[in-house]
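Please read these notes with the model open beside you.

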Amino acid sequence: MDITKNEQSIRIMAAARNAWERGADFRSRRERYKNFTYGNQWNDIVTEPDGTRMTARQQALKHGKDPMTNNLIRRMVKCVIGRFRTWIEERREEVTDADASLRDIYNRNSLDEMDCRALEEFLISGMAVQRVACEARPGREGVVIDNVSPLKFFVNSFSDPRGDDIEMVGMLHDMSPGEVVIRFADGSRSKAAALRRLMAGIDDRHDGSLLGQSQSGGSFSRSDNEGRCRIAEVWTLESREAVKWHDSTTGDCGIESPATAGWIDTENKARAECGAKPIVNVLTHSTCWHCRWIMPDGSIVSEYDSPYAHGMHPFVVKLYPLTDGEVHSLVEDVIDQQIYVNHLITLMDRVMSTSAKGVLLFPKSQRSANMDWDKLSSLWASPDGVIPYEGVEGAPEPKQLITGAADFGARELLTLELRMLEDVSGVSNTLLGKSSGGGNVGYDRYESEVRNATVAINDLLLTFVHFRKTRDERIRGI
């Protein structure tokens, strides 16, 4: 097809942008959760009593504290992924041996590794998205499965956990000019030249796109990678007229588009002349998933109906828990506990650093005349040092002052917060490989403890398992 640009393409591109913009709050929260997961835990904006806004790190430094991080969230995420890898190994043969072609697709796409990374995203943001398509890639051709970043993904507002109410879905691609030509020129020199002119008309220094710069962080229309062009893959569920027909003479039936159903009228006229039963037909409507690849200025470089046997779009989407359309991840649940743990260990470090530790109290009147303070200090720190001093009657002797940190309950609070973090997340010491019982524990008992400990995160893990099953069904339907 030729490159086209019309009101419909502009309207669809605008709808895609609106869907992406509606995800701005989700992407902002995801960025915060990702920072906490990977150790950047003092970046929240706080407000001082005088109204000054600054990061939590800047506030801590301002008040003489050295912000410390004890990253418990990362440990929790790795623990859940480790349990999932164990589950994969236990069911590897069960999952793939029944279907040799599926096993081959698993191996070619390194799906076990891809699924672990998708689960990591699922734990951090509450969203898992994969794209299942049939494409040619360098070194392989056929079914290709990719993890889709939430930064590039958009979908209409939906609330069905199965995604049955999705009517528009897509993602943003960053392609080099050569890749754009290879994928969309369709072997036509004229279309290849038109694509090059179109890409050259989009100025990298100024957003020359139809829709401009996003106000929600990042850009919908421009690639962040130099030398690459942003192009949107947009799938929409569309209503189409269709002709359903049934031939009682032969028993055949089918569905035709109005454009190709003319043969029915021709056949019925021929049958009417010989008195045969006509083909019964009725005009109705059906739905179809339609794909458009749209450039930033609204030009459609390729479009087609779903080419897959399942008739669906290529995206497998799972949001958790999707109550009233809301997404809440595992990491979100434990951030407050992580913040409080960091504040407690920072406070304890501050108290210990300001406590007297080995301070020497030496009366001036008792210092020997031939010994300066530097030499005295050096002798005091020496394990075998001897310090002569002038004994003055009634004066106190030199002594070392050591004070313990004040017991203000911080240790008890820290222990409580660590326990609460386990309770809230459901990731207990048992899942970390530590038995709750003392001494040696038998294998059967330990396995029982692990099963019981997994109950708290079963809903999360089984939701992701359902995501994998849906993905596998989509693979079989290509």
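1. A residue is called buried if its relative accessible area is under 20%, exposed if over 50%, and partly exposed in between (1.4 Å probe, protein chains only). By this rule, 41% of the 478 residues in the protein are buried. The model is predicted, so to speak of a local feature a pLDDT of at least 70 is needed, and side-chain atom pairs count only at pLDDT 80 or more, while totals for chains, interfaces and linings use all residues. Residues are numbered from 1 along each chain as its sequence is written, and side-chain values use heavy atoms, with hydrogens and water left out.

2. The protein has 13 helices and 15 strands. These are DSSP runs numbered from the N terminus: helices are H or I with at least four residues, strands are E with at least two. A contact means heavy atoms within 4.5 Å. Of the contacts between residues at least 6 apart in sequence, 69% join residues at least 24 apart.

3. In soluble globular proteins, nonpolar side chains tend to be buried together. A nonpolar core is here a set of buried Ala, Val, Leu, Ile, Met, Phe, Trp, Tyr and Cys residues joined through side-chain atoms within 4.5 Å. The largest one has 46 residues, and Ile73, Met76, Leu123, Val331, Phe464 and Ile475 have the most contacts inside it. Helix α4 (residues 72-96) gives the largest share of this core, 9 residues. Another core, of 34 residues, lies apart from it and includes Val129, Ala133, Phe158 and Ile166.

4. What does leucine 123 touch, leaving aside its neighbours within four places in sequence? Its contacts are Val77, Val80, Ile81, Ser329, Leu330, Val331 and Leu460.

5. The whole structure holds 12 aromatic pairs. Rings of Phe, Tyr and Trp (its six-membered ring) pair if their centres lie within 6.5 Å; planes under 30 degrees apart are stacked, over 60 edge-to-face, and the rest tilted. Tryptophan 20 and phenylalanine 220 make a tilted pair, 5.7 Å centre to centre with 55° between the planes. Tryptophan 20 is in helix α1 (residues 7-22) and phenylalanine 220 in the loop between α8 (189-200) and β7 (229-246), so the pair links parts of the chain 200 residues apart. Both residues are buried.

6. Tryptophan 245 and tryptophan 263 form an edge-to-face pair, because their ring centres are 5.2 Å apart and their planes stand at 90°. Since tryptophan 245 lies in strand β7 and tryptophan 263 in helix α9 (residues 262-274), the pair ties together parts 18 residues apart in sequence. Tryptophan 245 counts as buried at 13% relative accessibility, whereas tryptophan 263, at 35%, is partly exposed.

7. Which residues of helix α5 (residues 100-108) are buried? They are Leu102, Ile105 and Tyr106. After α5 comes serine 110, whose phi is positive, near 50°.

8. A disulfide is a covalent bond between the sulfur atoms of two cysteines. With a cut-off of 2.5 Å between the sulfur atoms, a search of the whole structure finds 0 disulfides. Cysteine 116 is buried, at 0% relative accessibility; cysteine 291 is also buried, at 0%.
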